[in-house]
Amino acid sequence: MKSDVVQFFALWAIAVSSVSAISCGCANYVLEVGYRWVPGNDTDYPSAAHFSPGVLSIASEPSMFVPGDIASEGLKDLAEFGITSQLVFELDSDSNVSSSEIVSGTSIGDGVGDVSTSGLVFISEGYDGPIYMSFASMIAPSPDWLVGLTGATNVCNESTGEFVDMERMLTPYDAGTDGGSTYTADDDPLDPWEPIRVAVPPSEMVIEQYGFLRLSFTSTLCPGQTATPSPSETDTMSPTATGSTGPSETPTETGSADPSETPTETGSADPSETPTE
């Protein structure tokens, strides 16, 4: 009996795993980031508070940063100094990353501002797996803290084949490369680096008050893809129209016809006219 149960669940697991995902295809996206870090929300608000330019990535595997992982050199540079170049280089060198970009080329002064960007979500032709989008921006000044959307955020619902609109609070993360515990703490390099984790603000501030991030999608054709005619369009393209006489039919009329007359039928089209529906 036990072996039968084990066999049943083994077959069930195989059946579930064999169900193919539905491809989300491609979409136009709009990313909006609203920074809302103000003195009234943070009792430890530092002078010259700001956010660095952000970095966005689109990938077929989790990228940029994932809580529990160890930061890359590029993420360290962003989290400690607000430098984006190394992180963008790493993303562009990753074969799983289809695109990356710097969102806003300048810092967000005084911790308040809005930035946005838009583009195309496209992994590769025929791709039908998950689609991960991530975003990161430095909280400055800080030892090694950043806000953003983790690289483990899948924006494709593989059960329905639809992209998932979302709005998230700008949760702060500790990159794990510096041991400082306040915004303006002296450098305290960690060796070895610790795993990335949610940061604990050094004040009574509610973490959600750093701001928000919003992603919205509109499905579109992928590069090189052509639209498939809908059934209604196919009907419109049919060579025969309602009321017109087909070429294999011989028009007839009730009663005998004068040989000199050309028989006509109610509803048939005049030869000089193009049939319409």
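Which are the buried residues of α2? They are Gly-74, Leu-75, Lys-76, Asp-77, Leu-78, Ala-79 and Glu-80. Before going on, note that this is a predicted model, where local features need pLDDT of at least 70 and side-chain atom pairs count only at pLDDT 80 or more, while totals for chains, interfaces and linings use all residues. Residues are numbered from 1 along each chain as its sequence is written, and side-chain values use heavy atoms, with hydrogens and water left out.

**Some terms**

- Buried means under 20% relative accessible area, exposed means over 50%, and partly exposed is in between (1.4 Å probe, protein chains only).
- Helices (H or I, at least four residues) and strands (E, at least two) are DSSP runs, numbered from the N terminus.
- A disulfide here is a pair of cysteine sulfur atoms within 2.5 Å.

**Helix α2**

- α2 covers residues 73–81, and seven of its nine residues are buried, so call the helix mostly covered.
- What sits over those buried residues includes α3 (85–92), β7 (132–140) and β8 (145–149).

**Disulfides**

- How many disulfides does a search of the whole structure find? It turns up two.
- One of them joins Cys-24 to Cys-156, with 2.1 Å from S to S.
- Cys-24 is in the loop between α1 (2–17) and β1 (26–36), and Cys-156 is in strand β9 (residues 156–157), so this pair ties together parts that are 132 residues apart in sequence.
- Why is this disulfide of Cys-24 and Cys-156 right-handed? Because the torsion about its S-S bond is about 90°.
- Both ends are tucked away: Cys-24 counts as buried at 8% relative accessibility, and Cys-156 is buried with a relative accessible area of 4%.
- Another disulfide joins Cys-26 to Cys-222, with 2.0 Å from S to S.
- Cys-26 lies in strand β1, while Cys-222 is in the loop between β14 (211–220) and α4 (231–236), so the pair ties together parts that are 196 residues apart in sequence.
- The link of Cys-26 and Cys-222 is right-handed, with 110° about the S-S bond.
- Buried or exposed at Cys-26? Cys-26 counts as buried, at 2% relative accessibility.
- Cys-222 is buried too, with a relative accessible area of 15%.
- If you number the bonded cysteines of the protein chain in sequence order, the pairing reads 1-3, 2-4.

**Cis peptide bonds**

- Ala-140 and Pro-141 are joined by a cis peptide bond, with omega about -5°. Look for Pro-141 in the loop between β7 and β8.
- Asp-191 and Pro-192 are joined by a cis peptide bond as well, with omega about 5°. Pro-192 is in the loop between β12 (172–174) and β13 (197–198).

**Positive phi without a glycine**

- Ala-48 is not a glycine, yet it has a positive phi of about 60°. You'll find Ala-48 in the loop between β1 and β2 (50–51), and it is exposed, with a relative accessible area of 62%.
- Asp-110 isn't a glycine either, and its phi is positive at about 65°. Asp-110 lies in the loop between β5 (108–109) and β6 (112–121), and it is exposed, with a relative accessible area of 59%.

Key:
Contact = heavy atoms within 4.5 Å.
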